[in-house]
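Subject: Handover of a structure and findings

Dear colleague,

Please find below the structure that I am handing over to you. I would be grateful if you would read the notes that follow with the coordinates open.

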Amino acid sequence: MKSSSEDDVRRSVQPQAAPMRRSLFRKYFLAFFAAVIVPLAVSGIGDAWFGYREQRSMLSALLRVEATSAAYKIQSFLDGVKDQLGWTVQQDWTADAEGQHRLDALRVMRQAPAIVSITLIDDVGLERLHVSRIDLNRMGGGWDRSGDPAVVGVRSNGSWFGPVTFRGGSEPFMTIAMAGKRKAGGIVVAEINLKLVWTVVSEIRVGSRGRAFVLDRAGRLIAHPDISKVLQGTDEKTAAAHTRLRDELAAAGGEATTASNAENEPVVTAMTAIPNPGWTVFVEQAQAEAFAPLYASLWRTGGLLLAAASFASALAYWLARRMTGPIRLLEEGTEKIGAGQFEHRIEIATGDEFERLAERFNEMAQELAVSRDRSERIARLKRFLAPQVAELVETSGDESVLAGQRAEVVAVFCDLRGFTAFSAHAEPEEIMHVLREYYEALGAIITRYGATLTNFAADGLMVLVNAPVPCADPALRAVEMAIDMQDAIQRLIAEWRLRGHAVGFGIGLAMGWATVGRIGYEARVDYTAIGHVVNLASRLCSSAADRQILVDHVVAQSVGGEILLVALGPRQLKGFDEQIPAWKVGA
């Protein structure tokens, strides 16, 4: 028998052999290496990410400011031209007013050098005056201009902006038409030199390679620092690329975005619309230049990571080498102690935690040798008795405490609410996992309070306080134990509910006289209690809702001055002819 017990003790101590996947040196080396590199890598990645966002935000603000400024200058130029042209259509067309109209047109051309020619048309659509810087002037020509696109556009919208054209294949021109405030004032059609627009976009500089350009409604390039690109005329492929770029920026809500320009170069670009002519001003900068500070920061971060990796490798190698020796000694000592050689001692003189660990191993070996006989006795008793009762018998060395006798006990029953529904739908592995957590939590509390777990079935437990070993204030101890049990299980219930398990927990306590002692047959003996108090505690537990602890009047009288109780009044419990008064622990 002794030989069999020793084998059991050795098997309980000796770890199961497992195949080695990685050496200790490699594990510690990787751990130390990662401890240095990972924080630096995370910091570098974080700095790069936030640096990118800051650079992107700064670029967006800069490009939008430049685009808005250019659009404002162009719009102001066009508005100034319109304001000047308004002076030519204030007077009605009469025979005496033709000379005044001519003087007004010449004055406007002198004040607005961008105006190349002015044509005045009366309210019926006849040309009355044409003044030009480069063509012959005409007075009273009488040509019918009512079908001209400019006249039609003005009569529809009040003003009209014509398409951009290039005179002599060099300078851009555009026709602007507007009507007077009165119909008799007629319509003015002016040809405007747009060289100022080209000057505006040519002066915009973002970095060393940034540039601005202007598109019309159809996506045609009408202003660009490189005038040759504008003079190339309408290119459907280029116009389609510009239109796609404009749509991407519109989808971005006006923020600067990264895209490919008409030359298929990666750029960061922003745009602003010029409402009246339907133009769009774009400002772009090459991505390589825009993010050059960020790229430089990434190179610096990479260099630091490389230096840190070299340092971490050297440090990890040195620390891992210093740790593998003591760990190897501890591993060998553990195998011998696990094999039952409790006289073996581990000698490590490092002056640190390894040395203290070796001392604890040696103390453990000595304690195992002393407690081996006791463990064998307890192991034999635990085959037939509950663990608490087995400990009591082994300690006292007298089994007479298990004989049947009358004793005043506190019976405690507890079980889970909704466990039957849960077990009907949950997988067996999940049910066993829940019960394992449940019993571990309750078992630790029962042991701490020195109570006796007599039996358990599924989710239900029966616990005795004051038997077989008497204790002081058994009712107070039982209630305090129930409170701790309720708190512990409610914490578990919160976790279970996150996994979709709807369960609760209730407890019932009753105090009174019962017959306690051994019950069973020769091959198996249990310690239990029989009597009215056991039935009452069981029924109170069944009546308790989730989070409730119900007690009878005896327990209530015993702990009334120590524990807060709430009277619930008489209750009809199953198996009792009369209603039983009950109290709830807590507010």
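The notes below cover aromatic ring pairs and one glutamate. Please bear in mind that this is a predicted model.

Aromatic pairs

The structure contains five aromatic pairs. One of them joins Phe213 and Phe282: the ring centres are 5.2 Å apart and the planes meet at 10 degrees, under the 30 degrees that marks a stacked pair, so this pair is stacked. Phe213 belongs to strand β7 (residues 211-215) and Phe282 to strand β11 (residues 279-286).

The relative accessible area of Tyr438 is 0%, so Tyr438 is buried. For Tyr439 the value is 24%, which makes this residue partly exposed. Ring pairs also connect Tyr438 and Tyr439 with Phe456 and Phe505 in a cluster.

Glu437

Glu437 lies in helix α13 (residues 428-448). Its relative accessibility is 19%, and the limit for a buried residue is under 20%, so Glu437 counts as buried. Which residues does Glu437 contact, leaving aside its neighbours within four places in sequence? They are Leu492, Trp496 and Arg499.

Yours sincerely

Terms used
Residues are numbered from 1 along each chain as its sequence is written. This is a predicted model: local features need pLDDT of at least 70, side-chain atom pairs count only at pLDDT 80 or more; totals for chains, interfaces and linings use all residues. Side-chain values use heavy atoms; hydrogens and water are left out. Helices (H or I, at least four residues) and strands (E, at least two) are DSSP runs, numbered from the N terminus. Buried means under 20% relative accessible area, exposed over 50%, partly exposed in between (1.4 Å probe, protein chains only). Contact means heavy atoms within 4.5 Å. Rings of Phe, Tyr and Trp (its six-membered ring) pair if their centres lie within 6.5 Å; planes under 30 degrees apart count as stacked, over 60 as edge-to-face and the rest as tilted.
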